[in-house]
Each structure stands twice: as structure tokens, then as C-alpha cells.
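Dear colleague,

A short account of the findings follows it.

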Amino acid sequence: GFTYTRSTNPNLIVEGVQEKDIFVYPNPTSGVVQANQDIISKIHVYDLTGKQLMKTNTSSVNLGTINDGMYIIRLYRKDNKEWVTRQVLKQ
């Protein structure tokens, strides 16, 4: 005879928020942007040359004091202790 057993390795199961599910809004913005996930505990803002302009220990940041343009936003995930990078347009 023939026997077939199918199982899933529990170590391969992915749970939680995927990196693609994290973003900042509103984008474009004229002021405050915030992360859409509560797992974000820090935000760093950089210009396109890589110069750090500001940082916070919260899930939102006020871009109202910087010039209009494109900026790089780095979001720190407290769940897996990794950084996620996004772009935001300040108008």
C-alpha cells in the first residue's frame, strides 16, 4: 500500500505585520505624518543626501518646519527591532 502524510512545519509560519504593510500618512503632507502601525516606536527623517533632519521616539513626526520636497523616513519596529524605510513628499 501507499501512505501519505502532509504536515506544515510550525517554524515556517509567518505571523504579524509584514514590512509592506507599514506606511506613513498622509502622503503627501504639509505637516504631521504618522505610521499606520502601533509597532513603530521611533521615526528618523533624512533629506535625499542622507543628512538626518529630525528624529522622534514616537510613531509620528511634524514635517511642518522643513522645506517642501521628498524625504526619507526610517521607521523603527519595536516588534522585530528592525528599520523600515519609506519616502514622503512634503508640500
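Contact here means heavy atoms within 4.5 Å. The model is predicted, so local features need pLDDT of at least 70 and side-chain atom pairs count only at pLDDT 80 or more, while totals for chains, interfaces and linings use all residues. Residues are numbered from 1 along each chain as its sequence is written, and side-chain values use heavy atoms, with hydrogens and water left out.

K90 touches T29, S30, L63, G64, I66, N67, D68, G69 and Y71, not counting residues up to four places away in sequence. K90 is placed in strand β7 (strands are DSSP runs of E, at least two residues, numbered from the N terminus). With a relative accessible area of 6%, K90 is buried (buried means under 20%, exposed over 50%, partly exposed in between; 1.4 Å probe, protein chains only). The side chain of K90 reaches the backbone oxygen of I66 at 3.0 Å.

L63, one of the residues that K90 touches, also has contacts with T29, G31, V32, V33, V45, M54 and V88, among others, not counting residues up to four places away in sequence.

Turning to the aromatic residues, Y76 is buried at 17% relative accessible area, whereas W83 is partly exposed at 29%. K42 lies over the face of Y76, at 5.0 Å from the ring centre (a charge sits over a ring if NZ of Lys or CZ of Arg is within 6 Å of the ring centre and within 35 degrees of the ring normal).

Yours sincerely

Terms used. Helix = DSSP H or I, 4+ residues; strand = E, 2+ residues; numbered from the N terminus. Polar contact = N/O pair within 3.5 Å; in protein donor to acceptor, adjacent residues only side chain to side chain.
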